[in-house]
Amino acid sequence: MRWKAIFLAFLVAGLLVPPAYSAEESAMERPGYLFVEAPSGLVADIVGVGSYATPVGLVLKPGNYTIRIIGNVTVVAQVSVMTETATIIRVNPSEIAEAVSGEGIVSIRAIFNESANYSQEKLNPPFNPFAFPGGCGSNSGYLNVSNPYPMGLAVRGRDEVYITLNGTFMHIGNDDGKPCIFYVEVYPGGSERQESVKNATYLVSWARLEITSVPEGLTFYINGGHNRYVFYTPMGLYVPALPHDVYNATAIGYYGTIRIPVIHRLDTHTVGVAENHYLIESVVKVAPNETYHINVDMEKAKSALTVERKAVRAVPLEVNSEPGNASIVVTDGVLRAFAVTPVTLFLPSGNYTVIASRGNLSAKESVVLTEGASVFLKLSPANATLNVVTYPNNASVLLNGKEVEAKNLTLSPGRYNITVKAPGYLTKSLEVILTPNESKTVEISLEKKSAGQDPEIVISPPSSGADDIQSGEKAKADENGVPGKTQTLPISPTNDVPGQAGRDNGSLWVKMGILAGVVAAVYLALRLRR
């Protein structure tokens, strides 16, 4: 019996040890390709991968990716990258800005999400007019809005649609010339309760939004939410317009005095117009008793944000180095691939530069890739210099997430992430590649935050409009005419982006299942023999 137990133990141990794959077998995983085509001077932030000056292409593991581009319009594209296929995103933020017109617009965001359908909840027939309920009471639907504040919906006919604000006193329409004053409570899920009050010391003021689109009949969102009946353009509604905080507002209700400690300022609203995979959002700054007209030319916006796919014929490029385990960047100036030696990459035909680095060692070589090639790099000591010029000049600079005191740096060749931030400005981030013995200057101008802009959003276009990386330039003096400090840092290049695609674990589970079956069969056979 002892040998039987030992035999079973060996089989079980085989289940627990993953199969070994050679580097060559793992390298056969075919990647996908993501290209972002946008005007020069912009930066594409591929979430979880890095930020790159446009135009840029990346060799990536197949999967879903989010791309952000910040210009005069914020563009967000959520797309899938597929094996041996080039996914090409073409963006022109200026043309998107021209597709949105109106008063009070402080920022615009265009979203493309191929896995979403922003107009899928349309009714047939679309948007039956709301019925007027009569009396001072109002017909309350719900509005699924929790940000910036919980909000509900009060309707007194199609032309009297009110976005109600939680915990406030509101004058909602009139009945026979008499005011209808309510205390509004919004509950989770969007439902609300309204209680008639009198002698209110403060009433929420209103602004009116008139939303139109080309074509008409597009889905309309307010502050990210929509009515259960779904809104469609053209649409008019009243929104809260609170220019400042209000403290200790009171009114007399059915059960006594109602006191509200604070009603917070609310003078911006997000207006969204959507069609299928596209959502165009405008942040509108409003004032009490004013009317704002917002129009979105959806056809023009869609033509300025497109996604195309093309099949790619890729050929192998083998890269090795001495010493091994070196980080490499392979680029043709637009397309970039990242990996660790030894590795086999699959790339479209073209002329490439291969840069390898490990610690303070590095090497660079050019290769013409047609039907397949191999490159061997022997690394040797080399440095590069990086000068970061910022506006404002007192902005903080982070290199690979760590703040540096100086902006003129001596570094080992490789990849680095530069982040620049300052109070009152939007943060910018950019990836830079340094080659052996190279001197590179990066100019980054921060943009001041405006109303409605997310302070946490990371954007990255240098305002110069030219290529953000200027090789061979000398460090410029700061605004006071004093040259920046010089600092030498032993910071290693960043290696936190995907390298060679890993093998899918599906085959491992298949082998485990087969081994489990073998164990069960052997065990039954031994039992029968007994």
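Q: What is the relative accessible area of Asp245, and how is that value read?
A: Buried means under 20% relative accessible area, exposed over 50%, and partly exposed in between (1.4 Å probe, protein chains only). Asp245 has 32%, so the residue is partly exposed. The model is predicted: local features need pLDDT of at least 70, side-chain atom pairs count only at pLDDT 80 or more, and totals for chains, interfaces and linings use all residues. Numbering runs from 1 along each chain as its sequence is written, and side-chain values use heavy atoms, with hydrogens and water left out.

Q: Where is Asp245 found, and which residues are in contact with Asp245?
A: Strands are DSSP E runs of at least two residues and helices are H or I runs of at least four, numbered from the N terminus. Asp245 lies in the loop between β18 (235-240) and β19 (246-253). Contact means heavy atoms within 4.5 Å. Setting aside neighbours within four places in sequence, Asp245 contacts Ile263, His264 and Arg265. Its side chain reaches the backbone nitrogen of Arg265 at 2.7 Å. Leu266 is 21 residues from Asp245 in sequence, with 8.3 Å between their C-alpha atoms.

Q: Which residues have the most contacts inside the largest nonpolar core?
A: Such a core is a set of buried Ala, Val, Leu, Ile, Met, Phe, Trp, Tyr and Cys residues joined through side-chain atoms within 4.5 Å. The largest has 86 residues, and those with the most contacts inside it are Ile46, Ile67, Ile69, Leu209, Ile222 and Leu305. Strand β13 (residues 178-186) gives the most to this core, with 6 residues. Not counting residues up to four places away in sequence, Ile46 touches Leu34, Tyr52, Leu58, Tyr65, Thr66 and Ile67. A second, separate core of 29 residues includes Tyr33, Ala339, Ala363 and Leu379.

Q: What is the strand order in the open sheet of 3 strands?
A: Strands of a sheet pair through backbone hydrogen bonds, either parallel or antiparallel. Two strands pair if DSSP finds at least two bridges between them. Here the order is β28-β25-β31, with mixed pairing. Because β28 (343-348) and β31 (373-378) stand at the edges with a single partner strand each, one side of each is left without a neighbour in the sheet. Strand β25 (residues 314-322) runs antiparallel to β28 and is joined to it by 6 bridges. Phe346 in β28 is the bridge partner of Pro316.

Q: How many helices and strands are in the protein chain, and what percentage of its residues count as buried?
A: The protein chain has 5 helices and 41 strands. Of its 530 residues, 48% count as buried.

Definitions and conventions: A polar contact is a pair of N or O atoms within 3.5 Å; within protein, one must be able to donate a hydrogen and the other to accept it, and residues adjacent in sequence count only if both atoms are side-chain atoms.
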